[in-house]
Amino acid sequence: MQTPAESGHITPFQDWLDRIARPIEFASRDECAHLGAVKNLSTFVAGQVLSALAQQVYPKAIESRLIALRDLFVDFQQTLPLDEQRRRLHVAAALVKALRGAARHCSESSGAESEHPVFESHADGAARRDLWNFPIQFVKGVGPKRTSLLQRLRIETVEDALWTVPWRYEDRSVMTPIGNLVPGMVTSVCGTIGKCESKPTRNRRLSVLDIGVEDQTGRMQVVFFNQPYLEEILAVGKRVMMSGRVIAGKQGWMVPRMDVAQYEVVGEEMESALHVGRIVPIYHETKGWSSRQMRVLAKGLLEEHALELRDDLPVQVRARQRLVPIQEALQDVHFPKAGSDLRLLEQGKTPAHRRLAFEELFLLQVALATRQRSVQDEPKGLHFNPRTPLLEKLGRLLPFRLTPAQDQVIREIFRDMIAPRPMNRLVQGDVGSGKTVVALHAIVMACGSGYQAALMAPTEILAEQHYRNLSGMLEALGLKAILMRGGDKAAVKKAQATQLALGEIHVAIGTHALIQKGVAFKNLGLAVVDEQHKFGVLQRKTLIDKGYKPDVLVLTATPIPRTLAMTVYGDLDVSIIDMLPPGRKPVRTFLFGEAQRRRAYQILRDELRNKRQAYVVYPLVEESEKIDLQAAIQGAEQLQNGEFAEFRVGLLHGRMKAAEKEAVMADFKAGKIHLLVATTVIEVGVDVPNATIMLIEHAERFGLAQLHQLRGRVGRGAEQSYCLLMAAMGRAKVQLGRRPIGPGGIDEPVSNARERLEALVQSNDGFVIAEEDLRIRGPGEFFGLRQWGMPEFRVANIVRDGDLLQQARQEAFSLLKLDPGLKAPAHQGLRDTMLRKWEKKLDLGSIS
């Protein structure tokens with residue numbers, strides 16, 4: 001009878017051991033010359049061995065060697081002396097060899113019929129648990145060089161690769177024989193390169209590559225212009241797939257020609273079954289890594305690891321949502337079955353896509369629900385007095401009546417402040433809806449109850465404005481407010497810090513540096529965070545780490561679409577001020593092309609001659625900051641020396657020193673500057689009631705919601721205000737570019753620019769505009785993912801999957817009601833995965 005080794009039978013333990021051995025043997029080769037190329041060797045080996053030991057009891061001969069192997073790598077760092085690293089690697093290689101011998105001996109002694117249970121359950125458990133921690137580098141056929149390419153696509157582990165889904169699909173299930181090609185046909189063919197010749201031309205700037213493709217039924221011609229590098233790629237004998245429109249060749253229909261839109265080298269007959277004759281996945285690519293290579297990798301990973309994938313979604317949730325198993329979802333999303341609906345695949349709406357998207361959204365919502373519960377469970381040591389006489393005094397001092405919407409939101413805030421759990425509330429209000437006065441009521445209630453308050457803004461300009469607007473009112477109430485700035489002298493900062501620590505200051509206004517080192521409050525009761533999207537979600541943990549547990553009130557003048565609010569601010573209670581103060585007139589918006597510039601300037605001039613003031617805004621983005629800054633500076637000079645020489649033109653940009661900015665803003669507010677040329681630093685919070693007109697240059701380069709924010713800088717008085725959008729439309733249009741913006745995002749074609757700007761002309765409702773902006777540009781471009789702290793998904797798209805997000809949220813919050821800490825054994829895997837993905841991003845440290 002043959003032994004397992006003789007029959008070629010490999011136990012799962014031996015297979016697992018091979019995976020462990022691969023990086024060790026690679027690093028040991030050539031006197032450890034490749035050691036620097038192997039990343040995370042310590043965590044990979046130690047983690048795999050520990051996971052294996054935790055799963056099963058082993059024979060002594062194997063267990064002792066596994067422990068010795070782990071001990072070698074627990075503290076195996078690049079900082080160890082090279083001789084010690086070499087010594088350990090040689091010992092590790094010897095241990096692996098001994099383990100192989102011991103494993104073979106156990107297999108032989110148990111016989112081929114018996115899948116030795118020691119190795120079976122053990123290796124399976126180890127692999128099943130660690131795909132998220134299995135570096136892609138150690139997968140067969142990848143290695144260090146290809147790993148660096150895959151890292152550009154955010155692929156670090158086996159799990160990352162399996163969740164990197166195609167961004168589109170091609171139906172190559174039917175290939176037309178070359179002999180059957182007819183004029184005008186748009187089709188795909190599969191054949192072999194029979195000829196590849198570079199043809200000389202009279203024009204030195206033009207190169208021509210003449211290619212012949214043939215199959216058993218005939219041959220066709222393909223011509224490529226100015227792509228000489230293809231001579232190497234499309235060499236004679238290579239098997240290719242080509243798609244495009246068929247046209248007549250030089251010899252008429254004897255040898256048809258194809259105007260090729262897409263081509264792909266598909267490899268040998270055996271491998272080409274992956275690339276033709278089916279619906280084929282197309283992935284995002286990077287130089288050196290193609291869709292073809294990604295298909296081969298995905299196929300190999302699914303064959304080797306599909307059964308090791310663990311389904312962390314609770315069984316009841318899967319049943320209620322009718323979700324397919326994780327293995328089936330990944331198989332179908334990478335390699336759709338014959339007859340799959342191509343339209344649903346392209347839209348990401350197949351059962352497989354839905355299953356994967358739901359899991360991503362559900363994990364996020366479980367994390368947000370967990371964070372919300374942790375805040376709610378926090379003991380609240382604050383006791384606010386809703387009947388403080390200061391509130392009544394504030395009501396008498398205000399020179400206007402609050403709108404019903406403001407009254408409602410103030411009631412919601414007060415209800416939170418006197419509740420036994422901490423307040424964590426977001427107040428959304430359109431531009432000019434009066435959020436600051438709402439926040440003032442919360443500040444006065446906190447200070448009137450014996451506590452201090454902090455008001456944090458994203459920029460010093462906005463912090464200064466809050467101080468100017470609020471300090472007089474606070475002073476009249478007997479409350480002392482200070483403005484804390486990074487640029488102040490050390491002596492000033494020290495004096496302010498002392499007063500805060502002694503409780504002599506009631507309200508501190510500044511940027512988020514207020515809660516940084518060196519600043520200590522005696523009794524902080526309320527933190528108000530304004531325009532939050534500018535510096536990401538301020539975590540309560542940041543405040544708690546400083547020793548504070550205040551109530552938190554977040555203000556944003558950026559209307560947030562419902563789906564975004566459920567992700568970015570999913571753990572906050574939300575209030576909306578959906579009414580403008582009486583007397584405010586909606587800003588009238590007009591769209592102008594370059595040819596209508598003189599007319600736009602005339603409207604601007606008329607307003608200035610009527611003793612009003614104006615803004616001219618230039619775009620400023622990080623990628624082209626120097627050029628954009630130069631354009632703004634030159635623009636200001638040209639306006640001052642040309643069209644608007646009769647007025648005083650000022651300039652404001654982010655690179656100016658704080659004192660310079662302050663002087664410019666003071667002059668503008670005092671009416672000394674008539675026309676202010678600015679970059680987008682004025683987007684947030686600048687308040688000059690006499691400014692009634694704004695002209696925005698290159699409006700097509702802005703997001704819709706950002707334009708709406710800018711437009712909100714005018715129309716702050718009782719006069720009619722105007723916003724003029726100057727956009728380079730038509731032939732002269734500035735190319736917005738068609739660039740893929742990653743998983744979950746969508747491309748922005750140039751044609752969308754006009755659609756965006758027309759939406760702004762037609763509506764003054766920030767919420768309508770925000771939804772429209774999100775729809776047109778997709779979540780990837782909406783304000784910029786990282787700027788928002790917006791989660792990046794590999795499959796889910798919050799525009800497309802809004803309903804799914806709502807369902808995932810309901811399921812997550814319901815689950816947390818039943819099992820608040822996810823302590824049930826059935827939910828352990830879900831809890832581990834949720835913490836792994838979101839613990840750091842959402843500051844869930846205290847929960848884990």
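F224 is buried, at 7% relative accessibility (buried, under 20% relative accessible area; exposed, over 50%; partly exposed, in between; 1.4 Å probe, protein chains only). The model is predicted, so local features need pLDDT of at least 70 and side-chain atom pairs pLDDT 80 or more, while totals for chains, interfaces and linings use all residues. Residues are numbered from 1 along each chain as its sequence is written, and side-chain values use heavy atoms, without hydrogens or water.

Aromatic pairs were searched for across the whole structure, and 9 were found (ring centres of Phe, Tyr and Trp, the last by its six-membered ring, within 6.5 Å; planes under 30 degrees apart stacked, over 60 edge-to-face, the rest tilted). F224 and Y263 form an edge-to-face pair, with 5.8 Å centre to centre and 70° between the planes. F224 belongs to strand 4 (residues 218-225) and Y263 to strand 6 (residues 252-265), so this pair links distant parts of the chain, 39 residues apart (helices, H or I, at least four residues, and strands, E, at least two, are DSSP runs numbered from the N terminus). Y615 and F668 form a tilted pair: the centres are 5.1 Å apart and the planes 55°. This pair also links distant parts of the chain, 53 residues apart, with Y615 in strand 16 (residues 613-617) and F668 in helix 24 (residues 658-669). Both Y615 and F668 are buried. One aromatic cluster comprises F44, F134 and F138.

Helix packing is considered next. Two packed helices are described by the angle between their axes and the distance between the axes. Helix 16 (residues 404-418) packs against helix 17 (residues 435-448) at about 30°, with the axes 10 Å apart (axes are lines fitted to C-alpha atoms, for helices over the stretch in contact; angles run from 0 to 180 degrees between N-to-C directions). Helix 16 passes helix 17 in a right-handed crossing (near helix turned clockwise from the far one by less than a right angle; left-handed if anticlockwise). Helix 16 contributes Q406, V409, I410, I413, F414, M417 and I418 to the contact; helix 17 contributes V437, V438, H441, A442, M445 and A446 (contact, heavy atoms within 4.5 Å). These residues comprise 11 nonpolar, 2 polar and no charged (nonpolar, Ala, Val, Leu, Ile, Met, Phe, Trp, Tyr, Cys and Pro; charged, Asp, Glu, Lys and Arg; polar, the others, Gly among them).

Helix 30 (residues 828-838) has G829, L830, R831, T833, M834, L835 and W838 buried. Their cover includes helix 14 (351-376) and helix 29 (802-818). Helix 14 packs against helix 30 at about 85°, with axes 9 Å apart. Helix 14 and helix 30 are therefore roughly perpendicular. F362, L363, L364, V366, A367 and T370 of helix 14 meet L830, T833, M834, K837 and W838 of helix 30. By class, this contact has 8 nonpolar, 2 polar and 1 charged residues.

Backbone geometry was also examined. Most residues other than glycine have a negative phi. R154 has a positive phi, near 65°. R154 lies in the loop between helix 6 (143-152) and helix 7 (158-162). The relative accessible area of R154 is 31%, partly exposed. Phi of N226 is also positive, near 50°. N226 is placed in the loop between strand 4 and helix 8 (230-233). At 42% relative accessibility, N226 is partly exposed.

Note on methods: Angles under 35 degrees count as roughly parallel, over 145 as roughly antiparallel, 65 to 115 as roughly perpendicular and the rest as oblique.
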